[in-house]
Amino acid sequence: MKNSTTKFGAIALSLGAFLNMVRMIPIYMEVGFDGYPPKSLSETVNIAQGIGYYISHTMVYFAAPLFILGFYTIYKELKKKYSSAFLTLTLIVFVIGQIFYMIGVVLHGLVLPEMAHEYVNATVAYQETMIPLFETIHYMATSYGGLGFALCLVSTGVLGIFLRHKFKVLGYIAIALGAIALLGYSTGFLAILLFKSFQLTAGFITVLFVFYFVMGIAMYRSHEFND
């Protein structure tokens, strides 16, 4: 039972990470790499109504619970050896980060498309009143999502301290990701408000998902985690 439960968690981690890795592809297939993030309200409205936008955000709805389950599996295995409160705090921070990320995804993936549909069918006068709402939703979504990613990166760095004894290379990579994140966010090199530096910040976050994708495979194949 233990072996199968751990392997299930490993598969969940890799699958959740993979969905997050590729979730932007449907959007880029519709608008191209230069079309996202949108540069104007009209571009925002057009993108939010696209099927690629819908597919992208649906992928995240499935990815988040899988990602959390996978991280929890790592936590349970490490907890057998380490009783540190920092390990438990790492799990809490990671889950909070995923909750913030999901709030941002719901705002962008459900609220914004509904607003875009209403905007297209509204009178010119009503459209004018909706513009500040678009800006507010957009700002809130990127703020929640960006903060969620930052928390996930920092918690990954702390996780690496415990992980390196079982998975040495991956543990040090996790520590490096957390350290770079702290340095990047503190200097403004990486942005909590995602669209302020989307390509750079999103690219770095994709590296995080690649790490967890590989981590899931390593967990699945590891005798230490499955014996």
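**Exercise 1.** Sort the lining of the largest cavity in this predicted model by residue class: how many are nonpolar, polar and charged?

*Solution.* Start with the list: the lining is made of Tyr-36, Pro-38, Thr-44, Ile-47, Ala-48, Tyr-53, His-108, Leu-112, His-138 and Phe-195. You end up with seven nonpolar residues, three polar ones and no charged ones.

**Exercise 2.** Work out which helices each supply at least two residues of that lining, and which gives the largest share.

*Solution.* Check the lining against the helix ranges: α3 (41-48) and α5 (85-120) each bring at least two residues. Then pick the top contributor, which is α3 with three residues. As for the space itself, the volume of this largest cavity is about 50 Å³, and the count of cavities of 30 Å³ or more is one.

**Exercise 3.** Take the aromatic pair of Tyr-101 and Phe-149: is it stacked, edge-to-face or tilted, and are its two residues buried or exposed?

*Solution.* First, the whole structure has 16 aromatic pairs. In this one the ring centres are 4.5 Å apart with 45 degrees between the planes, making it tilted. For burial, the cut-off is under 20% relative accessible area. Tyr-101 comes in at 3%, so it's buried, and Phe-149 at 7% is buried too. Finally, zoom out: both belong to one aromatic cluster that also includes Phe-67, Phe-71 and Phe-94.

Technical notes: Residues are numbered from 1 along each chain as its sequence is written. This is a predicted model: local features need pLDDT of at least 70, side-chain atom pairs count only at pLDDT 80 or more; totals for chains, interfaces and linings use all residues. Side-chain values use heavy atoms; hydrogens and water are left out. On a 1 Å grid over the protein atoms alone, a cavity is a set of points where a 1.4 Å probe fits but cannot get out, and a pocket is an open set with protein on both sides within 12 Å along at least five of seven lines; lining residues have an atom within 4 Å of a point. Grid points are joined across faces, edges and corners, and a volume is the space filled by probe spheres set on the points. Helices (H or I, at least four residues) and strands (E, at least two) are DSSP runs, numbered from the N terminus. Ala, Val, Leu, Ile, Met, Phe, Trp, Tyr, Cys and Pro count as nonpolar, Asp, Glu, Lys and Arg as charged, and the others, Gly among them, as polar. Rings of Phe, Tyr and Trp (its six-membered ring) pair if their centres lie within 6.5 Å; planes under 30 degrees apart count as stacked, over 60 as edge-to-face and the rest as tilted. Buried means under 20% relative accessible area, exposed over 50%, partly exposed in between (1.4 Å probe, protein chains only).
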